[in-house]
Amino acid sequence: MLRYQWEDAVKFWNSKKREDCERVGTSSKQKQKFTHTAGSKSLACVAEAEDKLKDKKAEYEAIASSDSSVNLENIDNRISTKVLGPESSQQYMTSGSQAQAEVQRLRDQMAQMQASTVEQIAQLKAEAAARETDQNKKYNELQLQLQNMMKMFQQSQNPPS
């Protein structure tokens with residue numbers, strides 16, 4: 001590293017900008033929901049393996065639909081073992097189970113939020129209806145007062161004879 005590069009690096013390390021970058025990175029890492037469980041495999045390799053698994057499962061299901069002697073029990077484990085090998089298969093199934101559990105947790109959370117939102121909407125509608133009823137009652141009272149005042153005014157304009 002050249003001297004001017006070193007000086008620039010030291011300035012950056014001591015700067016507010018670096019602290020902000022570090023804070024953002026730390027915050028992002030804490031918010032991370034999924035951890036990388038594919039080991040040294042790239043995402044492309046994982047995606048390719050998943051495609052192979054889907055193809056093989058479709059192939060087995062097609063065979064099973066025409067041949068009643070084929071046992072589809074535990075098919076996912078058997079296919080992943082055949083396509084990925086025994087060790088990778090176990091890792092894939094574990095990460096898949098974790099992902100499925102996370103998806104289910106998120107679905108449950110969404111259902112709970114939806115139910116809560118529906119409940120809040122119903123409560124707000126009830127409150128709005130109550131306010132509207134109160135406003136209508138006050139409006140009718142004011143209309144009656146205005147009519148009475150108009151009668152009194154007309155009577156004061158027409159003296160009794």
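Reader: By the ring-pairing rule, to what number does the count of aromatic pairs come?

Author: This is a predicted model. Rings are paired if their centres lie within 6.5 Å. By this rule the count comes to 1 aromatic pair.

Reader: What is the geometry of the rings of Trp-6 and Trp-13?

Author: A pair of aromatic rings is described by the distance of the centres and the angle of the planes. For Trp-6 and Trp-13, the centres are 5.6 Å apart and the planes stand at 85°. Planes over 60 degrees apart count as edge-to-face, so the pair formed by Trp-6 and Trp-13 is edge-to-face.

Reader: Is Ser-15 buried or exposed, and what is the distance from its side chain to the backbone nitrogen of Arg-18?

Author: Ser-15 has a relative accessible area of 19%. Buried means under 20%, so Ser-15 is buried. A polar atom of the Ser-15 side chain lies from the backbone nitrogen of Arg-18 at a distance of 3.2 Å.

Reader: Where is Glu-102 placed, and with which residue does its side chain make a polar contact of 2.6 Å?

Author: Glu-102 belongs to helix α5, residues 86–157. Its relative accessible area is 15%; the cut-off for buried is under 20%, and Glu-102 is therefore buried. The polar contact of 2.6 Å joins the side chain of Glu-102 to that of Arg-105.

Reader: How many Å does helix α3 reach from its first C-alpha to its last, and which of its residues are buried?

Author: Helix α3 covers residues 43–66, 24 residues in number. The buried residues in α3 are Ala-49, Leu-53, Tyr-60 and Ala-64.

Reader: How many helices and strands does the chain have, and what share of its residues is buried?

Author: From the N terminus on, the elements run α-α-α-α-α. The secondary structure accordingly comes to 5 helices and 0 strands. Of the 161 residues in the chain, the buried share is 9%.

Reader: In which helix is confidence lowest?

Author: The mean pLDDT of the chain is 80, with 75% of residues reaching 70 or more. Confidence is highest in helix α1 (residues 3–13), at 90. The lowest mean, 61, belongs to residues 75–84, helix α4.

Technical notes
Residues are numbered from 1 along each chain as its sequence is written. Side-chain values use heavy atoms; hydrogens and water are left out. pLDDT is the predictor's confidence in each residue, from 0 to 100. Helices (H or I, at least four residues) and strands (E, at least two) are DSSP runs, numbered from the N terminus. Buried means under 20% relative accessible area, exposed over 50%, partly exposed in between (1.4 Å probe, protein chains only). A polar contact is a pair of N or O atoms within 3.5 Å; within protein, one must be able to donate a hydrogen and the other to accept it, and residues adjacent in sequence count only if both atoms are side-chain atoms. The expected span of a helix is 1.5 Å times one less than its number of residues. Rings of Phe, Tyr and Trp (its six-membered ring) pair if their centres lie within 6.5 Å; planes under 30 degrees apart count as stacked, over 60 as edge-to-face and the rest as tilted.
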